[in-house]
Amino acid sequence: MDNYHHTISIKLELNEEDYEAIKRLEATCYEKQKTNLKLELGLKMRQRKKNVKNKIVGEFLYYENEILVGYLGLCNFGGATVEVSGMVHPNFRRKGIFKKLYLIAKEEWQRICPQEVLVICDHTSVSGFAFINSIGAEYGSSEYKMCLNKKVLGVTPSNVIKLRLASSEDAAEIDRQSSVYFGAPKKDADDKDDMEKPSIKTDDNFISYMAELNGEIIGKIHISINDNEGFIYGVGVIPDFRGNGYGREILNSALNILKSKNVDNIFIEVAAENKNALGLYESCGFEEISVMDYYLVY
């Protein structure tokens, strides 16, 4: 025991070594308890490579004898909400490790006074709920993570809706649509450094598409590929064009793009209360694989 020691590392961003260590810990948690996590590691690594700076220090790593056994990450990419997620190795729980990380992280997010703080927890995680109860967080909402059934065949596009790669000129329109679909606040002129600036990509990390009908923009969609898995984000159709099956066409066109890249799996996330989107994704072959609950911290 003389050689026993623990350390807590606090970082602005993750490096490749951190990323791999956290992924190993995540795999261990899933293997032992089938706990799903929403850590946003891929997004954080993309932003690091693009030199996009987070507003706050967001990475808290707990080591026992130089082995990572606990991790807490904050997500705040310029918005008014801070999301908290993390894990502790199953063999090191009930030692107060996550509580220590949480209290340190709390000091950091209080520095920017966010409008809301959300703790994310797998719907089936007993230890996660125990921690949430201990801090007095209140249930806010739930989100389904869905995976496309591999048996679903590709759909031939009708050519009514066309997807084109977005450019920097589409940033304002993407921002406007996001505020309509998801209630995201529009970015002010002073937030130019944080403005979403989609462009024609030379890689698959994050690609934005505008959906057009006869040359008129009617919606948008984003896709990405990480570790040979495809992800779909921000699907939306402008209200005046809804009810015509365009959302299904946009989604199927994006699925065909991802399938052409031979990804192993395709994922999408949808809020539990968004019944229309949930029904659309299910009808296109997506199946629920996990549910994440969001709790408000006061």
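Q: Is Cys 147 buried or exposed?

A: Some ground rules come along with that. This is a predicted model, so local features need pLDDT of at least 70 and side-chain atom pairs count only at pLDDT 80 or more, while totals for chains, interfaces and linings use all residues. Residues are numbered from 1 along each chain as its sequence is written, and side-chain values use heavy atoms, with hydrogens and water left out. Buried means under 20% relative accessible area, exposed over 50%, and partly exposed in between (1.4 Å probe, protein chains only). Cys 147 has a relative accessible area of 12%, so Cys 147 is buried.

Q: Which strand holds Cys 147, and which residues is Cys 147 in contact with, leaving aside its neighbours within four places in sequence?

A: Strands are DSSP runs (E, at least two residues), and helices are too (H or I, at least four), numbered from the N terminus. Cys 147 is found in strand β6, residues 138-148. Contact means heavy atoms within 4.5 Å. Beyond its sequence neighbours within four places, Cys 147 touches Asn 265, Ile 266, Phe 267, Gly 285, Phe 286, Glu 287 and Ile 289.

Q: What is the strand order in the sheet?

A: Strands of a sheet pair through backbone hydrogen bonds, either parallel or antiparallel. Here, two strands pair if DSSP finds at least two bridges between them. The sheet is open, has twelve strands with mixed pairing, and runs β1-β2-β3-β4-β5-β12-β6-β11-β10-β9-β8-β7. Its edge strands are β1 (6-11) and β7, each pairing on one side only.

Q: Why is strand β8 described as largely enclosed by the rest of the structure?

A: Look at burial along the strand. Seven of the seven residues of β8 (residues 207-213) are buried, so β8 is largely enclosed. Ile 207, Tyr 209, Ala 211 and Leu 213 point one way, Ser 208, Met 210 and Glu 212 the other, and all are buried.

Q: How many bridges link β8 to β7 and to β9?

A: β7 (residues 161-165) pairs with β8 in the antiparallel sense over five bridges, with Leu 163 partnered by Ala 211. On to β9 (residues 216-226): that pairing with β8 is antiparallel over seven bridges, and Met 210 stands opposite Lys 220. β8 and β9 form a hairpin with two residues between them, and Asn 214 in the turn has a positive phi of about 55°.

Q: Where does β9 go from there?

A: β9 also pairs with β10 (residues 229-237), antiparallel over seven bridges. Lys 220 stands opposite Gly 236 in β10.
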